[in-house]
Amino acid sequence: MNRLRYLLIAYLAFCTTFSFAQNIETIVGNGTRLISGDGGAASLATVSRSINSIVEDKWGNVYFTDSAYIRKIDTNGIITRYAGSGRYIDTFNGYGIPATDANISPTHINVDNFGNLIFNNGYQSVVSIITTDGIINRLIGNGRSDVSPDGASGTNISIGGANIVRIDLHGNLYFAEGSNGRIRKINSSGVISTIAGKDTAGYSGDGGPATNAKFGTYVKDLVIDSSGNIIIHDWDNSRFRKISHDGIVTTIGGHGDCSSTTFIDRMDGHPATDAIIGCSNSFMAIDKYGNIYYTEAFSDKVRKIDTGGIVHTLINKNAIRGFSGDGGPATAAAMHQPCALGVSSNGSELWVADLLNYRIRKVTYPAPRDTTSGGDTIINDSTTYVVQANATKWMIAPNPAENGVFTIAAPANATGNYDVTILDVVGRLVEKTELTTTKPQKFKINGPPGTYQVVISDGFSKQFYKLVVQ
């Protein structure tokens with residue numbers, strides 16, 4: 001056990017029962033419905049009520065849509081107009097021009113690995129790209145209202161009706177059709193395919209291939225995790241559904257019953273599949289750990305589904321409609337119809353458009369402290385850091401686990417044998433084995449890259465850890 005007393009350099013899987021304060025502040029807007037302040041401090045600028053998307057690039061700059069503009073807040077807190085002439089795209093004025101001169105109607109914006117902005121240019125039924133030199137061009141789409149069949153390719157394919165556009169880490173583009181509940185994919189070679197849904201809307205198919213499943217006519221939002229799993233807000237069916245990287249669909253939130261018109265706080269601490277979810281105009285975001293954030297416009301809350309599938313209220317726990325709380329705990333803050341969400345690449349900041357307060361607000365997550373084992377382990381935002389072994393904490397390293405190989409070491413106070421259960425991100429059993437406490441034990445997950453849960457049990461209590469496999 002002396003081995004446990006050395007410093008381990010690793011990325012430690014965090015326990016799902018960590019608790020830590022989350023404070024809220026306004027980063028742009030003052031309650032006035034007006035677009036102003038470009039070139040100055042974002043804290044002194046004002047915004048409109050048409051903020052549909054918030055993203056961060058790899059350098060820490062934040063971009064958001066604001067009516068017919070895309071605006072940028074740099075790492076020094078200065079706000080500028082990044083794209084848009086102020087006139088919507090119904091009067092098209094060309095590509096190959098500075099983005100600040102273009103007539104646009106941006107909805108969902110994305111930033112690729114190279115720093116290019118990619119967004120759905122709504123009125124024109126195209127996806128546009130703004131390269132890092134500030135020039136706007138058409139990425140894909142021909143402006144027609146129809147949709148090209150599977151197998152079609154090229155920049156001139158039709159994506160009419162696309163109401164959501166997202167990209168993954170590999171440059172693949174996904175969009176939801178606006179009338180029949182299909183999710184389409186355009187790969188990095190420009191070939192279009194259907195990855196979920198059939199030609200008719202409905203609700204069916206959980207547990208089977210997503211291409212055989214039915215979804216509602218209106219997909220409100222979709223997000224993609226680091227493993228390539230897609231989570232969609234199936235609004236008509238009042239559910240959040242997941243399409244795994246191997247094409248299987250499951251419901252991960254909501255039960256389809258929106259008969260209750262009162263959004264009381266009876267969902268916290270309960271499984272998301274038992275909660276009232278997806279009944280309101282929910283925007284979504286996902287962090288690098290796989291936590292899902294979503295808004296409830298009619299209860300004025302922002303909630304989270306953690307990696308264990310449990311619901312928590314992050315902002316406005318008491319469902320107070322109004323504006324208050326800056327500088328204090330986010331759970332005590334009031335909001336008025338939260339909408340667009342964004343999350344930082346390191347998972348330490350969450351941005352939310354407080355629509356009718358005409359603000360963008362930020363929730364900051366300090367480094368969490370382990371409160372379950374009596375230890376002194378600090379979880380930082382960096383990918384590699386030092387952890388000090390203690391007498392009661394299980395150690396799992398390295399994490400992320402390359403090729404699925406990792407080691408579990410028992411704390412000094414552990415005796416006897418323990419059961420180790422490994423589950424995938426949707427709770428399916430991957431492996432179950434016995435662990436001895438006499439020496440560190442090596443494990444290998446024979447599964448695809450992604451997020452897994454490691455459960456260690458002595459038969460009376462359990463500890464839960466998150467493991468990322470690369």
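What is the order of the strands in the open sheet of 4 strands? I looked that up before anything else. The order is E12-E13-E14-E15, and the pairing is antiparallel. I count two strands as paired if DSSP finds at least two bridges between them. Strands (E, at least two residues) are DSSP runs, numbered from the N terminus, as are helices (H or I, at least four residues).

**Ground rules.** I am working on a predicted model, where local features need pLDDT of at least 70, side-chain atom pairs count only at pLDDT 80 or more, and totals for chains, interfaces and linings use all residues. Residues are numbered from 1 along each chain as its sequence is written, and side-chain values use heavy atoms, without hydrogens or water.

Next I took the pair E12 and E13 (residues 173-177). I find 5 bridges, in the antiparallel sense. Arg166 faces Tyr174 of E13.

**Asn116.** I then moved to a loop. Asn116 sits between strand E8 (106-111) and strand E9 (117-121). Is Asn116 buried or exposed? Asn116 has a relative accessible area of 11%, so I call it buried (under 20%; exposed is over 50%, partly exposed in between; 1.4 Å probe, protein chains only). I listed its contacts (heavy atoms within 4.5 Å). Leaving out residues up to four places away in sequence, Asn116 touches Asn110, Val111, Ile129, Ile130, Thr131 and Thr132. The Asn116 side chain reaches the backbone nitrogen of Thr132 at 3.3 Å.

**Whole protein.** I count 34 strands and 0 helices. Of the 470 residues, 52% are buried. Among contacts with a separation of 6 or more, 47% join residues 24 or more positions apart.

**Confidence.** The mean pLDDT (the predictor's confidence in each residue, from 0 to 100) is 82, and 84% of the residues score at least 70. I flagged residues 1-20, where pLDDT stays under 50 and the model has 69 contacts beyond four places in sequence. I also flagged residues 367-391, where pLDDT is below 50.

Conventions:
A polar contact is a pair of N or O atoms within 3.5 Å; within protein, one must be able to donate a hydrogen and the other to accept it, and residues adjacent in sequence count only if both atoms are side-chain atoms.
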